[in-house]
Amino acid sequence: MQTATIQFDHFNALADKEAGERIRAAKAALGKKAVLLCHHYQRADVYEHADLTGDSLKLSRLAGEAEAENIIFCGVHFMAEVADILSRPEQISILPDLAAGCSMADMANLAKVERCWRELSALMNPDEKITPVTYINSAADLKAFCGTHGGIVCTSSNAPKILEWSFNQREKVLFFPDQHLGRWSGYKMNIPLDEMVIWNPDLEQGGLTREQISKAKIILWHGFCSVHQMFQPRDIIKFRNQYPDGIVISHPECGFEVCKQSDYIGSTEYILKTVKEGPPNTRWLVGTELNLVERLAREVKAEGKIVQFMASTVCMCSTMQRIDPQHLAWTLENLVAGKTVNQIKVPEHEAVPAKTALERMLAVS
Ligand code: 13P
Ligand code: SF4
């Protein structure tokens with residue numbers, strides 16, 4: 001007899017502790033049928049159930065290597081899309097709450113990027129060519145656009161290397177959606193700041209003149225992460241005044257001045273590794289999402305390391321936070337009952353060229 005999908009309403013009022021117990025029971029029942037991939041920004045009561053954790057690059061690789069028939073992605077929408085694209089056709093990628101998106105990824109869409117591409121092509125010198133580079137924090141159709149137009153995907157851990165590859169193909173780069181990652185990576189490659197210009201998709205010609213476009217090496221999309229833009233240079237100045245021996249480490253989605261004033265810059269995985277491997281009895285100021293920072297602070301406390309959050313206000317990735325124990329328990333119990341809920345399936349016509357762009361990235365990094 002066919003059983004019906006279990007509705008989420010039954011889980012909504014569940015206490016976190018009870019949801020946690022049901023997650024453990026469902027995971028035990030599923031065994032090797034499901035693997036739980038978890039991004040470092042996940043809340044503690046979800047992260048504790050992870051089989052594997054990582055930054056976007058590591059999680060992409062893990063998704064491509066996963067054996068389980070079900071990949072439960074505790075992250076955001078674009079991450080579950082990448083898992084679907086890179087896994088085998090019979091594997092199923094699941095996002096426990098479909099509302100877990102990335103506000104930065106939403107700042108670029110295919111229609112706007114295609115318009116930008118057309119306008120740039122008309123404005124550029126006829127002998128010049130441009131490589132489209134999309135940050136992995138973007139929808140699958142934008143990755144497909146890059147795959148189709150000789151472009152590539154990058155993550156926060158490989159962006160300078162990917163830019164190097166891109167400039168080996170063509171003279172210019174169109175980088176979307178995160179202007180900060182693009183600018184910082186260009187700066188690391190010694191590209192002068194005035195040769196990186198902002199394309200504002202809401203303005204005619206992106207708000208740029210033909211001369212500005214002609215001079216530019218990198219055209220940066222007007223996108224940013226609302227969490228990382230909260231960190232300010234004044235937070236670093238205050239910390240350094242108070243603790244002259246303190247060490248500052250930030251994510252490259254932070255603004256340019258924050259990156260410039262930090263001692264170390266890197267992906268979430270890099271931040272965790274650097275602090276964990278750092279000398280004992282040190283003090284760190286960390287510019288990335290709060291769940292990660294709080295977990296890290298707890299983990300290194302015994303070595304005498306003090307980890308401080310960079311902002312004075314709470315900066316959480318509120319969309320990733322939507323993946324809670326209730327949604328995870330609901331997803332897993334449905335799988336135990338033989339039902340799939342919240343599958344993320346990228347249509348074939350997008351998945352094939354998006355995979356090309358992702359595989360170019362994996363080969364380069
Ligand atoms: P990482 O790839 O460094 O984990 O970054 C993903 C992200 O969305 C940071 O905001
Ligand atoms: Fe997107 Fe920012 Fe959340 Fe990262 S922290 S997933 S860039 S909204």
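**View 1. Aromatic pairs in the predicted model.** There are nine aromatic pairs here, counting rings of Phe, Tyr and Trp (its six-membered ring) whose centres lie within 6.5 Å, with planes under 30 degrees apart called stacked, over 60 edge-to-face and the rest tilted. One of them joins phenylalanine 8 and tryptophan 330, an edge-to-face pair at 5.5 Å centre to centre and 75° between the planes. Phenylalanine 8 sits in the segment before helix 1 (9–12) and tryptophan 330 in helix 15 (residues 325–336), so this pair ties together parts 322 residues apart in sequence. Helices are DSSP runs (H or I, at least four residues), numbered from the N terminus.

**View 2. The shell around ligand 1.** Look for His39, Tyr41, Asp55, Ser56, Tyr135, Asn137, Ser156, His228, His251, Glu253, Ser267 and Thr268 around the ligand; a residue belongs here if one of its heavy atoms lies within 4 Å. The shell divides into two nonpolar, eight polar and two charged residues.

**View 3. Polar contacts to ligand 1.** Here we show pairs of N or O atoms within 3.5 Å. Oxygen atoms of ligand 1 lie 2.8 Å from a side-chain N or O atom of serine 56, 2.7 Å from a polar side-chain atom of serine 156 and 2.8 Å from one of glutamate 253. The protein covers 95% of the 300 Å² of accessible area that ligand 1 has on its own (Shrake-Rupley method, 1.4 Å probe).

**Notes for all views.** Residues are numbered from 1 along each chain as its sequence is written, and ligands from 1 in the order written. In this predicted model, local features need pLDDT of at least 70 and side-chain atom pairs pLDDT 80 or more, while totals for chains, interfaces and linings use all residues; side-chain values use heavy atoms, without hydrogens and water.

Conventions
A polar contact is a pair of N or O atoms within 3.5 Å; within protein, one must be able to donate a hydrogen and the other to accept it, and residues adjacent in sequence count only if both atoms are side-chain atoms. Ala, Val, Leu, Ile, Met, Phe, Trp, Tyr, Cys and Pro count as nonpolar, Asp, Glu, Lys and Arg as charged, and the others, Gly among them, as polar. Helices (H or I, at least four residues) and strands (E, at least two) are DSSP runs, numbered from the N terminus.
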